[in-house]
Each structure stands twice: as C-alpha cells, then as structure tokens.
Amino acid sequence: MDRFRDKIIPVTTLLAGLVVLWYVFAVIMNAPVQRDMDRRAGEDPRFSEFIGKTLAQAKPTLPAPHQVATNFFENTFTRKITSNRSLVYHAWVTLSSTLLGFAFGTVLGILIAVGIVHFIALDRSLMPWIIASQTIPILAIAPMVVVVFAAIGVTGLLPKALISTYLSFFPVAVGMVKGLRSPEILYLDLMHTYNASASQTFWKLRVPASVPYLFASMKVAVAASLVGAIVAELPTGAVAGIGAKLLAGAYYSQTIDIWSALVAGSVVAVLLVTLVGVAGRIVERSMGGRPA
Amino acid sequence: MQPAHSNTVIEASKLGLTFQTSDGPVRALSDVDLSIGKGEFVSFIGPSGCGKTTFLRVIADLERPTSGSISINGMSPQQAREARAYGYVFQAAALFPWRTIENNVALPLEIMGISRDERKARIKRTLDLVNLSGFEKKYPWQLSGGMQQRASIARALAFDADLLLMDEPFGALDEIVRDHLNEQLLKLWGQTNKTICFVTHSIPEAVYLSTRIVVMSPRPGRVTDVIESTLPRERPLDIRESPEFLAIAARVRDGLRAGHSYDD
C-alpha cells in the first residue's frame, strides 16, 4: 500500500503529464507540414480533423506517442527475432557488444585502480592520462578504431566492444580507486598490528571494502557501454544493431523508426542497470549488509 | 640499557616522541621511564594530549619514538609486532562489517596462518571468554555497542598473545555497560594471567581495574606519578565504595591536578 502511494502514483502522474506534453508538441511541430500538405491537396479540414492528421503522418517531424508505441510493439513482438526488422534482433546485436565491452572495461578499470593504489608512480602518472582520455569525443575516436582494426582484418564484434570498453573503464577505475582507499586508518592500523602482508591487507580489507563502490561504478559503466556500442555502430556502416537502425531511420526520414529504436535502446539500458543493481544487492546481502 | 628482568614485559627508558607538525614540533612524549612486569594490569590516565595513547602506539609499533629506548619482551617494538607479541583493542570496535562475529575473530588467525580446525577451537574458546557464545553467525550491526567491543576483545585474545594493549576500549559506551565490561575484563584477566596496558580517562575505571596507575600530563606528554594499588586482586563492584578505593582515587585526582596547568 505504501509502495502504491509512495512510488506508483507519483511516477504514473509524471508519466501521464509527459505524454500529454508530448502530444501537444507533436501537434505543434507537425502542424506546418500538415498545413502545407492540405493546401496542396486543396483540402480545408476542420480543427479536430486537422489535429488527428498531425498525429497520423507517415514521416512526422515529431511522432506521436501512440505511433512510436505501435511501431515498437510491432517490431518487437510480431516479427520473428531473426528478421532484420525485429527490434529484438537489433537490440541483441547491440547488447552483445555492450556486454563484451562492459566486461573488458570492468576488468581494465579494476586493474588500473589496483595499479594506482599500489604504485605511487602509477598514481602520479596515470590519472591525468585517464581523465584526458575521457575528454576526447567518442564520435571522433570510433571511426578510427574501426578503420584501424578493419585494416588488420578484425571486424564485427570486437572493434565495437572496444569502444564500449573505452567508455566504461573510466567510471570503474575512478570508483575502485576510491573504494580500495576507503578503509579508515583504524582498520589499516589493525592489520598492521597483525603484521599482515600487503596482499593480505588487499584481499581481506581493501577488496571487500571496495565492493559497494564497484557496483555503484558498474551501474554508470554499463550505461556508458551501451552508449559506446550504439555510437560504434553509427560510423561503421553496421547493418545491424540499434545504432544501425537509428542511422537507417535518419537516411530515410523514418522518424517513427528512429524513435522506436531509441525506446528499444532505453529499455535495454534500464534492463542492464537494473541487472547490475540486483547483482549488487545480492552480493551485499551475502556480505552481511543490513537490509534496507 | 640494563638487561631486562626476566619478569619484565615492557621496559621504557628516556623515551621521547616529537611530532613535526606545521605549527612546529609537538612533544607527545618526553623522558618516559617505565617498566611493566608480567601479569600486571597497568592503567594510563591523563587529560587529552598527555601522550597516553601515543605511548600505547609506540609499544605497538604504530609510532616510532624519536629518542630513548623501549623493549617488549626484550625485543624492539617492530620485532615484537612481527612476533605477534600483543593484541590491540582500539576505542572503536573496528569489526569488519562484511564478516560475521566468528569470522571477525578468525581474521588474525587467518593472517597468521592457523589451520581451520585450530581456528574453530580458538574462536569457541575466546567467544566463551567474553560471553558471546551463540552470536557466532551474527553480523556486527546486529550487536549492541558493548557486545561489539567484547567481540573486538575476543579478536585480540584469539591468537594468545601474552600482552593486551587497550586504548580506551570502553570510552564510547554508557556507564552501565562500562561497569559490566570492567567486571568481565577483571575476570578475564584473572583467568588468563595476561599483562594488560589500559588507557582511560576515567578515574574510577583506572582504580577499579589496575594493579598500577600511571598518571600522565600534557605539554610535553610525561609521567607525573605512578601509583601502586593496594586493592586485592579479587574485586567485587562494590569495592568502589570502600575507603581504600576512595583513597587511591583521591591520589590519582591529586596527581592529575598537580600535573595539569589550569592557567590556560
């Protein structure tokens, strides 16, 4: 009952408001084109008819919510998932490179963090480069990566995954540096009184203490991985994937397709972030976390 | 340094420690001469900044002295630490929140490479000793503050060091819990015959627990008085109303007053 009052009502209200706003803007933005089309056809529709037509264009400037919903539903549930028109198929293509890139990125981020925490030289030298790496627009890097790899005969999943890696290692590295350094002096003193070795302190203290930080940064990293995978599909002339679907939609002004591909992308993002969150809660529970 | 007496556990002579801070040097310890024998219960009492905690940390090799000498069982603090000669109890329980109580007690044993079976036996024995049997599988947050501190004492006892260093272990607890734990600590000391160094800023606590009370004062941190307790080893809680107890407490209070400058 509390959940209903505290969560469902506010979320639904906000959502309904957004949908109404979306319809209003759809009418406003599609009206000029519709007026133009009507004039050329010599028609003079009544106001309510005119509104209906602005929300039913084949290539609207801003598709109405129900158009996107219908398109999304058809392309998700009524197509065979092997079909080139199935959003499930495209989402899977993007998802597979997202997951591979995310796995690489997480491992790389953890390794960098361990290096930074344990070697003063790395601490001083690596961080500026890592931060600089994130200031380069991914759209500038992606085509180069793809071209370079294609030149040495590597195409397909790997170049795309590497672009996801490029985006996702950063939050993990930053979060894990903070996590591995999170134990207070008191705990380090305690380990010192036991004459614990550096590796014992690492495995028994720093690693467990960093787990909450790991999952928090993995949530950011998995979303970044998805963005990386989609962006990687844009310049590569990929034939499949959510990015390819966006690009094809843009070529042929299939605005409804673009929007439903965007919806598919956000559904995947929500699923991924939720999955990481659930995994984090399970691990925290098994580590004796206080139930919230 | 004169040869350590066979019964001497800690021998400090002319011990000094000066911290270099941005406001200039701070003399945390100055000319501390002290010898602590086996099986003694020695309390260190004094206002904050008197160096009582610093002295304990020097024994534990958590701070390095800048002058004088100190030996623990005839070894340097570093050697003593490497030989795991002492257990240290901090003011905060410092239990690892992701470990159950039994696994917290197991932590030093794991680090010292003690076998699984032996660990099990020792966990049972030490948790019995601090009256925490039945709480093995609980996580720290499921225990009260007093129970957490008892678990941390169990952890310090688990590897059977003969020396126990306790830095205001009951300072953060309320008086009722503190009385109870003081009683238990005395019992535990009686059962194990360990040497205990105990830092506190409570006069009744110091007098009730100790065989010897070291009164310290700040700026520079130094020992101003060492009081031998005349109380018997067996001490019920109501001994604290006896004239003998009150006399010792009065002497400690005088010592604190004499060493403390009230002009600031």
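Biologist: Say a salt bridge is a side-chain nitrogen of Lys or Arg within 4 Å of a carboxyl oxygen of Asp or Glu. How many does a search of the whole structure find?

Modeller: The search gives 24 salt bridges over all chains. Keep in mind that this is a predicted model, where local features need pLDDT of at least 70 and side-chain atom pairs count only at pLDDT 80 or more, while totals for chains, interfaces and linings use all residues. Residues are numbered from 1 along each chain as its sequence is written, chains are lettered from A and ligands numbered from 1 in the order in which they are written, and side-chain values use heavy atoms, leaving out hydrogens and water.

Biologist: Switching to the interface. How many residues does the contact take from chain B and from chain A?

Modeller: 25 from chain B and 21 from chain A, with contact meaning heavy atoms within 4.5 Å. The two chains bury about 2,200 Å² between them, 65% of it on carbon and sulfur atoms. B:Trp98, B:Ile111 and B:Trp141 supply 32% of the area that chain B buries against chain A, more than any other three residues. Buried area is the accessible area (1.4 Å probe) that two parts lose on being put together, summed over both.

Biologist: What's the salt bridge count between chain B and chain A?

Modeller: Two. In one salt bridge, B:Arg57 pairs with A:Asp189 at 3.0 Å, N to O. On the side of chain B that touches chain A, the elements giving two or more residues are α2 (77-82), β5 (86-89) and α3 (101-111) of chain B. Of these, α3(B) gives the most, with four residues.

Biologist: Now inside chain B. What domains is it divided into?

Modeller: Domain 1 takes 1-19 + 35-85 + 163-264 and domain 2 takes 97-160; the bounds come from an automatic or database domain assignment. Their C-alpha centres lie 25 Å apart. 14 residues of domain 1 of chain B are in contact with 14 residues of domain 2 of chain B. These domains bury about 1,100 Å² between them, 71% of it on carbon and sulfur atoms. On the domain 1 side, B:Arg84, B:Gln184 and B:Leu188 supply 41% of the area buried against domain 2, more than any other three residues.

Biologist: How many salt bridges does the rule find across that domain interface?

Modeller: One. B:Lys194 and B:Asp160 have side chains that meet in a salt bridge at 3.9 Å, N to O. As for elements, β6 (163-167) and α6 (175-192) of chain B each supply at least two residues of the domain 1 side that touches domain 2. There α6(B) gives the most, with seven residues.
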